[in-house]
Amino acid sequence: MVFWRCFIASGFIAFFTFGCSYGANSSTENTKQVVQEINVSQLLIKAKASQKANDLFDRGNYLLDTQHYQEAILAYDKAIALKPESADAWINRGNALTSLQRYQEALASYNTAIAINPGKDEAWYNRGNALTSLQRYKDAVVSYDKAIAIKKEKPEAWVNRGIALTKLRRYQEALASYDKAIAIKSNKHEAYYNKACSYALQNNVELAIENLQKAIQLAPGKYQKLAKTDPDFNKVRNDKRFQELIK
């Protein structure tokens, strides 16, 4: 009896095992199908969310381009809510905030973009601009250096780096930075104008006038007006050659 029970039990177990094995395969296939359906559903949801985020990002860009900065920020916020890992959305959100002179908030936005993707030269560059606006010139130089390390042939970063260095009265470094921008883009009139400012601040009339003249030649009508009121030229303002140049 004991053996029989064992036999029956063994037979039952053997059958049950077979039945469970069969049932397990069927159940596994059903489970796989359910999982696949869930995965497909999740992928579709993610795809739709990603597309909506892209649409909101594009709308934000349009609003930014058309100078509707507050509306642009709202669009970027909605895009980020759907796709928080979008470094580009954080960067452009920062750009909209910068346009509204909300530099501290812009800085936070650029910092988030950098945390997501530290290889974005635009994030470092615009971060430098925000820091310059906040008069944090040493930090701005560091940020421009980061941007330049990623993308060396970026004349705007070299020019703005020069401006921050000028504010720190590190004139020789500033001039070298402007020269680098000119080496990349020979008609970079902003670099010549800022070189003129740096020389004027050092009371170097000859080179201030030489570089201002070059800037005026490259962008007629722009820099005469700007130089008339720019305090950087106060030390050379009474020079006849300077007065003649800004007429």
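The model is predicted, so local features need pLDDT of at least 70 and side-chain atom pairs 80 or more, while totals for chains, interfaces and linings use all residues. Residues count from 1 along each chain as its sequence is written, and side-chain values use heavy atoms, without hydrogens and water.

**Stop 1: Ala181.** Select Ala181, which sits in helix H8, residues 171–184 (helices are DSSP runs of H or I, at least four residues, numbered from the N terminus). Ala181 has 0% relative accessibility, so it counts as buried (under 20% relative accessible area with a 1.4 Å probe, protein chains only; exposed is over 50%). Now show what Ala181 touches: Pro155, Trp158, Val159, Lys188 and Ala191, leaving out residues up to four places away in sequence (contact means heavy atoms within 4.5 Å).

**Stop 2: all of H8.** Colour Tyr171, Ala174, Leu175, Ser177, Tyr178, Ala181 and Ile182, the buried residues here. They cover an arc of only 160° around the axis, which puts them on the same side of H8 (the arc uses directions from the helix axis to the C-beta atoms). Helix H7 (155–167) and helix H9 (189–201) are among what covers the buried residues.

**Stop 3: the lining of the largest pocket.** Which helix gives the most to this lining? Select H9, which gives the most, with 4 residues. H7, H8 and H9 each supply at least two.
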